[in-house]
Amino acid sequence: MNIVVCLKQVPKKDSILRIGGDQKWIDYRDISYEMSEADAYALEEALRQKEKHGGEVIVISLGPERVRQSIKEALAKGADRAIHLQDPLFDSATDADGIARAIAAALKDEKYDLIFTGLQSDDYGFAQVGLIIAERLGLPSATIVMEVQPEDAAVRVKRELESGWFQWVKMSMPALLTIQSGINQLRYATLKGIMAAKKKEIREVKAADLGLTAEDLKPGQVVDRAYLPEKTKRTEIIEGKPSEAAAKLVEKLRFEARVF
Amino acid sequence: MRIRNPQSEIRNRLGYKMSQGILLFIEQRDGVLNRTSLEALVAAQGIASQTGEKVAAVVLGKSVSSVAAEIAAKKLEAVYTIEDDKLAEYTPDGYVSASKQAIEQLAPRLVIFSHTYQVRDFAPRLAAQLGKTFVTDCVGFRVDGGDVIFTRQVFQGKLNTDVRVISAPPALASFQAGSYRADKAEAGDSPCPINALSVNLSDTQIRTQPEAKFQEAKQAVDLTQAPLIVAVGRGIKSQENIELVQKLADALGAEIAASRPICDNEWLPMDRQIGSSGQTVAPKLYLAVGISGAIQHVVGMKNSQTIVAINKDPEAPIFDIADYGIVGDLFEIVPALTAEVLKVKSES
């Protein structure tokens, strides 16, 4: 069973974000990066399926040179080969549609049974790229998947619904699944894996290789302005040593908020 | 939609034949209206009041007359129903096909959804089939010279963005649960007309077979009834440390709850989870320990009466919604707080 995993590299979770000079996005200086969390779980799920059923795990990622670091991490964890969509033209693909269009085009001639993405990325959080890829490749899909059970030419998946409800859904393969964070335990790359990764293929793909022009990747929506959220509440920050802060907080909870 | 709005015809900067009005997608399950559809209605009515447009609603399913009647009491131009055996159980293929035909027939300028798990499962495919843009998970809007500017959170709520649609209408947009209050939905003077929309699903191939919905385990605790909740997140670092927070909860007489990573690691059972995939609560006191405040958690607790946050990161989004905050090391603050609560309780 061959599985494609779409990976996105994003600023690390604990990054201090500053607004960029154009006020339209963040300032990327001094930012370090990591694999978007849900994508890491998607990769882990693909590796576990491969260990059970055999086949190949192919990772695909769109982004500048720095993205290779996350691709190499995926290869070190056990992915077999990678496709890196790297081209200044892809910088204009700033909405889900442009990104999905490029990835779908790059996967057109690949042989796969399943495509995994994370349920949404930790930066833009569109929650759309996977499904647009499915639409473009003509695949059935399921989102927010908690468990994957291949059955011959079909796959049965457990979808998370809201408020603690779940549902199993079956579809034929090939299919696209968006994976929920936390569905498995992530592995670390071993030294052996890191060494083996050095020999694995990372195929670079340019926009022209896919027949895509800037016009094809033009977004349908743009960010006018990025800014720190206005506080909806006035937060009273309580200062002091732990014991002092605790005493002040308890007093406020008793006499201001009257919660006990 | 049969809504004429000469003003927006002039405002159309792109030179396309102007689509008109707002179409609201109503979500129902087994004939029960999803409350978040009413929140999205508030957003739709708010936009319409500023653009001079009208709002119509569409509801899909096998038999939706009671949901249609309920929604028709709201201030709407019309409610359109699409009833078909193929829509008895939700499937992405069935819903994409039916909604696509509705949008093509009604030609709205804007299609509004609530950002539910169901909408997440089919609306991006719908947008792709229509070749239209979809602005997901919005928390607000403003109208700027006839254009609707949507507010979206990015980086898990750390930043906001104003998003402008630059492609031809219709555009699709979904609103995050809790962004608007359902009880603010404007009622109509009299019920609006309910029209059956005829769509053809006979050629629609349904590629996914859903089984019956189920709940994992019987919910042992009903956190929605707890007046005081102490919730713990990633900052607690290990399972052994949960006891620290349990002691604070015990001292307060509160229930213990958790954000998703804690339950994923099985440090606390699933039925203690607060957030979009867990329970939604609004207690008198919600004390968040080591919880950063990702959107998925915040939607489950932001309506709490008093929110206290203890976190080492002063930039954590949880402080944006907290009434009281302590920035610092929870391993020092939580024991101090427990001791203080016990002291005060023994004195009173």
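In which sense, parallel or antiparallel, do strand 13 of chain A and strand 17 of chain B pair? In this predicted model, strand 13 of chain A and strand 17 (residues 324-327) of chain B pair in the parallel sense over two bridges, where strands are DSSP runs of E of at least two residues, helices are runs of H or I of at least four, both numbered from the N terminus, and pairing requires at least two DSSP bridges between the strands. Within this pairing, Ile237(A) stands opposite Gly325(B).

Residues are numbered from 1 along each chain as its sequence is written, and chains are lettered from A in the order in which they are written. Local features need pLDDT of at least 70 and side-chain atom pairs count only at pLDDT 80 or more, while totals for chains, interfaces and linings use all residues.

Turning to the meeting of the two chains, 63 residues of chain A are in contact with 68 residues of chain B, contact meaning that C-beta atoms, placed from the backbone, lie within 7 Å. Helix 6 of chain A supplies the largest share of the side of chain A that touches chain B, nine residues.

Inside chain A, the axes of helix 3 (residues 96-107) and helix 4 come within 8 Å and cross at roughly 45 degrees, the axes being lines fitted to C-alpha atoms over the stretch in contact, with angles from 0 to 180 degrees between N-to-C directions. Helix 3 of chain A is therefore oblique to helix 4 of chain A, as angles under 35 degrees count as roughly parallel, over 145 as roughly antiparallel, 65 to 115 as roughly perpendicular and the rest as oblique. Among the residues that meet here are Ile99(A) and Ile103(A) in helix 3 of chain A and Ile132(A) and Ile133(A) in helix 4 of chain A.
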